[in-house]
Amino acid sequence: MRDFELLVAHNRSQLLDYLAGQPEGRIVAGATDFIPLVGAGKWRPKIAIDISRVRELDGIDESDGTLRIGPLTTHAIAAASSVIRERATALAEASALVADPSIRGRATLGGNICTSSPAGDSLPAFLAIGADLTLASKDGARRLPLTEFFLGPGKNDLRRGEVLERIDVPLLDSTGSAFYKLGRRLAMAIAVVNVAAWVRIEGELIADIRIAMGSVAATPVRCLGAEASIRGSTIAALKRRAADHEWLAELRDDISPIDDVRASGAYRRQVAVPIAERAVLRALERAEAVS
Amino acid sequence: MSLHRIKLTVNGRPIDATVPGSMTLLQFLRDELRLTGVKDGCAEGDCGACTVIFNARAAKSCLILAAQADGSEVMTIEGLAGGAEGALHPIQEAFLEMGAVQCGYCTPGMLLTAKAFLDANPHPTRDEARLAISGNLCRCTGYAKIVEAILLASERMHE
């Protein structure tokens, strides 16, 4: 691996000083993306800043109707966390399918978000459950909806001198979410397509719905057209529709999949609809179960 | 290049060393400590041949910077048998009995993954055992005997 200077931050204050002094520094935490990408020459940092010991970036807290997740939370912790399994189910399901158990024990949610792969497994889940980011620097902190963070494959709005400090997820009543992943194998697979759905019901109505997909565009995307076709309908109407083949075909206009080593664009276009349908129905089932 | 002093325990021995920032734990264990039972199969986290037990959990040592290992406890395959000369760990015995070793290259990683797994989950199902080794590639055995060996070891370890 090409050499770099490593700075190890021991607390938040030291981290923000390092970032201010070395704004071009590449942050490293679990290193499960960092090492392979630096090893392959895709990332060429002169300076790396290890944040893995900054305890202020760790932890899961639920208060005032918001789930606050520290970016150092590993996928293993997220998959096992009872509050995430119960109140942000799509995220627990996504984290459980990343890589393999040993990588899940080291790889972090913050790293998944900031690597910003269009295929990152937790990303559709975070988009569907309505996550918001707090980005901190020595000059202060800003909030950004996750929907505005991803700019292209591997590109995001994290600015020089900033670190992802927290991920907030609103916890609403009568909601349910679900996640599915298609891969060429059952572990250690980059998604061919992944999807997360989140549903909020109010009486007999689908009051709100979000559908997010990965590996079908340059970034993980919300499927706004498909959402609009469902939002506001009655649960009964949706279930009647769901008896038809391809009831969510609108989704094909929300995605723009390409051919790559894992699958063709045509295959992704075909399979995105049934896998999204499954996720929506599972999310609805879970919302009904808690309502 | 930055240099970092690290203090860690490897196979029960205290180690005090200075490492470059860009050195991986795999490189440190093999090249500095001469623990060549830890294998370099891909150096990018896919094959699992580099698996060690890091703070009680199976971890791919090629995906850890050596500097990040300060303060940690590491077990490599050299530390699995422990104690009396020639005495193998029950998991090693089970692998031998079940024919779960062919070329042996994946074996250190498989054994340590199995040990960390069985320590946390003493009575696994077959599916749980298969999931546990889902990050360890084997080109020889087709995995079936490895899974059998893990299940046999779980019985033996709790008789």
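Are helix 3 of chain B and helix 5 of chain B parallel, perpendicular or oblique to each other?

Author: Happy to, with the reminder that this is a predicted model. Helix 3 of chain B and helix 5 of chain B, the latter spanning residues 144–157, pack with their axes 11 Å apart and at an angle of about 40°. Angles under 35 degrees count as roughly parallel and those from 65 to 115 as roughly perpendicular, and the two helices are therefore oblique to each other. The crossing of helix 3 of chain B past helix 5 of chain B is right-handed.

Let's see who touches whom. From helix 3 of chain B come B:Met110, B:Ala114, B:Phe117, B:Leu118 and B:Asp119, and they meet B:Ile146, B:Ile150, B:Ala153, B:Ser154 and B:Met157 of helix 5 of chain B. By class, this contact has 8 nonpolar residues, 1 polar and 1 charged.

Helix 2 covers residues 90–98 and helix 3 covers residues 107–120; their axes come within 10 Å and cross at roughly 125°. Helix 2 of chain B and helix 3 of chain B are therefore oblique to each other as well, and their crossing is right-handed. On the helix 2 side the contact is made by B:Ile91, B:Gln92 and B:Phe95, while helix 3 brings B:Thr107, B:Met110, B:Leu111, B:Ala114, B:Lys115 and B:Leu118. These residues divide into 6 nonpolar, 2 polar and 1 charged.

Helix 1 of chain B is followed by B:Arg34, which has a positive phi, near 60°.

Finally, the cysteines. A search of the whole structure finds 0 disulfides over all chains. The sulfur of B:Cys50 has its closest cysteine sulfur in B:Cys62, at 3.7 Å, which is too far for a bond because a disulfide needs the sulfur atoms within 2.5 Å. B:Cys50 counts as buried, at 3% relative accessibility. In chain A, A:Cys223 counts as buried too, at 0%.

Key:
Residues are numbered from 1 along each chain as its sequence is written. Chains are lettered from A and ligands numbered from 1 in the order in which they are written. This is a predicted model: local features need pLDDT of at least 70, side-chain atom pairs count only at pLDDT 80 or more; totals for chains, interfaces and linings use all residues. Side-chain values use heavy atoms; hydrogens and water are left out. Axes are lines fitted to C-alpha atoms, for helices over the stretch in contact, and angles run from 0 to 180 degrees between N-to-C directions. Helices (H or I, at least four residues) and strands (E, at least two) are DSSP runs, numbered from the N terminus. Angles under 35 degrees count as roughly parallel, over 145 as roughly antiparallel, 65 to 115 as roughly perpendicular and the rest as oblique. A crossing is left-handed if the near helix is turned anticlockwise from the far one by less than a right angle, and right-handed if clockwise. Contact means heavy atoms within 4.5 Å. Ala, Val, Leu, Ile, Met, Phe, Trp, Tyr, Cys and Pro count as nonpolar, Asp, Glu, Lys and Arg as charged, and the others, Gly among them, as polar. Buried means under 20% relative accessible area, exposed over 50%, partly exposed in between (1.4 Å probe, protein chains only).
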